[in-house]
Amino acid sequence: MRLTDLEIGARYVARRDFRDDRDVLVLEGDAFTLRRLTSERGTFALAFDEETLYLDEQRQSEIVEHVDRFLRLI
């Protein structure tokens, strides 16, 4: 599942630890509610109620291309 397949308003939980492009650590079990997903110049901004995460399409390509390995719908 690609990052752009995430659903606005849905609640997700981290399946495993990972860091975003600004070195924010997400821990397994952290829960987030997605409010907005934008993309600009190869960087995705995931605006959750709890935190905004930034993912570079190249540097975090595994997360961008396979987000279901990192987040699951709850």
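Biologist: Why is F70 counted as buried in this structure?

Modeller: In this predicted model, F70 has a relative accessibility of 5%, and because buried means under 20% relative accessible area, F70 falls within that class.

Biologist: What makes the pair of F18 and F70 edge-to-face?

Modeller: A pair of aromatic rings is described by the distance of the centres and the angle of the planes. The ring centres of F18 and F70 lie 5.6 Å apart, with the planes at 80°; since rings pair if their centres lie within 6.5 Å, and planes over 60 degrees apart count as edge-to-face, the pair of F18 and F70 is edge-to-face.

Biologist: Why is this pair said to tie together parts that are 52 residues apart in sequence?

Modeller: F18 belongs to strand β2, whereas F70 sits in the loop between α1 and β7, so the contact joins parts 52 residues apart in sequence. F18 is buried as well, because its relative accessible area is 8%, and the limit is under 20%.

Biologist: How do you know that the charged end of R16 sits over the ring of F70?

Modeller: The charged end of R16 is 4.1 Å from the centre of that ring, and the distance limit is within 6 Å; the charged end of R22 likewise sits over the ring of Y54, 3.7 Å from its centre.

Technical notes
Residues are numbered from 1 along each chain as its sequence is written. This is a predicted model: local features need pLDDT of at least 70, side-chain atom pairs count only at pLDDT 80 or more; totals for chains, interfaces and linings use all residues. Side-chain values use heavy atoms; hydrogens and water are left out. Rings of Phe, Tyr and Trp (its six-membered ring) pair if their centres lie within 6.5 Å; planes under 30 degrees apart count as stacked, over 60 as edge-to-face and the rest as tilted. Helices (H or I, at least four residues) and strands (E, at least two) are DSSP runs, numbered from the N terminus. Buried means under 20% relative accessible area, exposed over 50%, partly exposed in between (1.4 Å probe, protein chains only). A charge sits over a ring if NZ of Lys or CZ of Arg is within 6 Å of the ring centre and within 35 degrees of the ring normal.
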